[in-house]
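Subject: Structure handover

Hello,

The structure is below, followed by notes on what was found in it. Please read the notes with the coordinates open.

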Amino acid sequence: ARLDQKVYSFAPAGLADFLSFQGSGRPRTVVFSVIERNLDRLPETPLPHRSLSSWTEPLQGLKGFWVALDRLSKVSGLHYLISKYNQRGDIPLGSVRAGPMLFFEESFNKTFLTGPETERLVRILRGYREALLKRGMGFIFLPIPNKESVYPALRPDGQRPRILPDLAVRLGKEGIRVIDLQTAFIRESAKRGKFLYRKDDSHWNPWGVEVAADLLAREIRKSQ
């Protein structure tokens with residue numbers, strides 16, 4: 001709505017799935033997102049493979065049907081049902097309580113990237129960008145901060161992780177478009193006096209969605 005443009009959500013899927021997909025045309029810009037705690041799981045630039053949709057390109061008159069079928073083939077429906085189940089009010093397994101908030105315990109283990117870890121991510125994301133540019137598409141990296149990275153005062157150690165802000169600076173030097181949500185969320189949360197995440201899980205609340213959408217729309221407009 002902010003850009004008056006069509007948006008197609010391809011999640012959950014990797015870059016190989018996207019490069020293989022032809023069913024909904026070629027977008028001008030691809031926004032690639034991953035949550036902070038999963039950064040170390042990003043694969044090297046994959047080659048496109050023949051997904052279900054690649055066999056259906058001659059039948060684009062049934063585009064809506066093939067898009068739905070392609071999503072089902074990637075088990076998106078299962079991921080959706082799991083996400084809805086996880087939105088229940090009970091405490092998620094492996095979480096810790098810090099004041100009014102619940103956090104994933106595993107996310108407290110790391111507050112910075114080593115030099116080799118940073119350079120690996122830069123190499124991977126540079127490869128993603130180049131793979132898309134070769135196909136005439138722009139690339140924006142939108143890393144999602146862990147909730148405890150936005151509210152360090154609620155962490156047991158009180159430390160503010162620097163993983164995403166430092167990575168954003170490094171990627172900027174490579175000319176890779178990246179949105180530093182962590183810094184923006186900290187600023188906007190203090191400014192509004194509101195939490196931007198749901199208190200009992202790791203998802204954004206409507207305020208967080210609004211902040212992220214505004215930042216992303218602003219970044220996309222730069223290339224229009």
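Helices (H or I, at least four residues) and strands (E, at least two) are DSSP runs, numbered from the N terminus. This is a predicted model, where local features need pLDDT of at least 70, side-chain atom pairs count only at pLDDT 80 or more, and totals for chains, interfaces and linings use all residues. Residues are numbered from 1 along each chain as its sequence is written, and side-chain values use heavy atoms, with hydrogens and water left out.

Helix 6: after this helix comes Gly-175, with a positive phi near 80°. Its buried residues (under 20% relative accessible area, 1.4 Å probe, protein chains only) are Ile-163, Leu-164, Pro-165, Leu-167, Ala-168 and Leu-171. Helix 4 (115-133), strand 4, strand 5 (177-178) and helix 7 are among the elements that cover them; contact means heavy atoms within 4.5 Å.

Helix 7: residues 181-192 make up this helix of 12 residues, and the distance from first C-alpha to last is 16 Å, close to the 16 Å expected at 1.5 Å a residue. That expected span is 1.5 Å times one less than the number of residues. Leu-181, Gln-182, Ala-184, Phe-185, Ile-186, Glu-188 and Ser-189 are buried. They pack against strand 4 (138-144), helix 5 (147-150), helix 6 (163-173) and helix 8 (206-221). Gly-193 follows helix 7 and has a positive phi, near 65°.

Arg-37: this residue sits in the loop between strand 1 (29-35) and helix 2 (63-73). Arg-37 and Asn-109 are 72 residues apart in sequence, and their C-alpha atoms are 9.6 Å apart in space.

Regards

Definitions and conventions
Buried means under 20% relative accessible area, exposed over 50%, partly exposed in between (1.4 Å probe, protein chains only).
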